[in-house]
Amino acid sequence: MSHAKLVIGNKNYSSWSMRPWLLLKAFEIPFDEINIALYQDNTAEKLGPYSPSLKVPAFLHSETTIWDSLAICEYISEQLLKGRGWPINPKKRASARSVCAEMHSEFPHLKKEWPMNCKASVELFVSAKLEEEIARIDAIWSCCRRKHGAGGDYLFGKFSIADCMFAPMAICFRSYGAKLSMEAKRYADTLLANPHIQDWIKQGRAEEESVSMSNVSNMF
């Protein structure tokens, strides 16, 4: 039994749950996965023992509880990976932290209008604000790949927390038919070909529907 426990929500929808899960899988850190279905009558009751925020994800390790995806990824990198979750190069690392923080705090229209749905395959209306946010992510991906992508196929060369933070976007863009530049599409395809991301998508698609679509955007 692993000392680490990751509490996550529905894999089909919970993009925030996906991010630390992907980091743990990518670096082969053993952990116990605790799945709690969201937006059920007993969801808060089930989350109570694990998450002070009553939200997912939550990470329990060595009598420490961490919640919020980015905070969990930072903890995993610091405590379990000796910093390897971030690029080694200081300039790359600074840029990686910047784009992760932007992904974490910005893009409200994308989060509301195009929530992650592993089962979806439909072209949706793109509002002007949403188009701006898609273009910004395209620019982040393209710029990071050009400036920092040497040494691998991921955003900063080797796989890092930055790829975990943007992985759900690759799923969203494929699900809803986003138009991307060649550089950004190549990076999105790299993410979608990752075996751990493929595994998450497969499990998400296999889940039974138990969540109202009106609540899905709140899970992002």
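Modeller: A pocket is an open set of points on a 1 Å grid over the protein atoms alone, with protein on both sides within 12 Å along at least five of seven lines. A volume is the space filled by probe spheres set on the points. The model is predicted, and local features need pLDDT of at least 70. Residues are numbered from 1 along each chain.

Colleague: What is the volume of the second largest pocket?

Modeller: The second largest pocket has about 250 Å³. Lining residues have an atom within 4 Å of a point.

Colleague: Why is H7 called roughly perpendicular to H8?

Modeller: Angles of 65 to 115 degrees count as roughly perpendicular. Helix H7 (residues 161-176) and helix H8 (residues 182-193) pack at about 100 degrees, with axes 9 Å apart. Therefore H7 is roughly perpendicular to H8. Axes here are lines fitted to C-alpha atoms.

Colleague: Which residues in H7 meet H8?

Modeller: Contact means heavy atoms within 4.5 Å. Among the H7 residues are Phe166, Ile171 and Arg174. In H8, Tyr187, Ala188, Leu191 and Leu192 meet them. By class, this contact of H7 with H8 has nine nonpolar, no polar and two charged residues.

Colleague: How do you know that S3 and S4 pair?

Modeller: Two strands pair if DSSP finds at least two bridges between them. Strands S3 (residues 58-61) and S4 (residues 64-67) have four, in the antiparallel sense. Leu60 has Thr65 in S4 as its bridge partner.

Colleague: What do S3 and S4 form?

Modeller: S3 and S4 form a hairpin, with two residues between them. Ser62 in the turn has a positive phi of about 50 degrees.

Definitions and conventions:
This is a predicted model: local features need pLDDT of at least 70, side-chain atom pairs count only at pLDDT 80 or more; totals for chains, interfaces and linings use all residues. Side-chain values use heavy atoms; hydrogens and water are left out. Axes are lines fitted to C-alpha atoms, for helices over the stretch in contact, and angles run from 0 to 180 degrees between N-to-C directions. Angles under 35 degrees count as roughly parallel, over 145 as roughly antiparallel, 65 to 115 as roughly perpendicular and the rest as oblique. Ala, Val, Leu, Ile, Met, Phe, Trp, Tyr, Cys and Pro count as nonpolar, Asp, Glu, Lys and Arg as charged, and the others, Gly among them, as polar. On a 1 Å grid over the protein atoms alone, a cavity is a set of points where a 1.4 Å probe fits but cannot get out, and a pocket is an open set with protein on both sides within 12 Å along at least five of seven lines; lining residues have an atom within 4 Å of a point.
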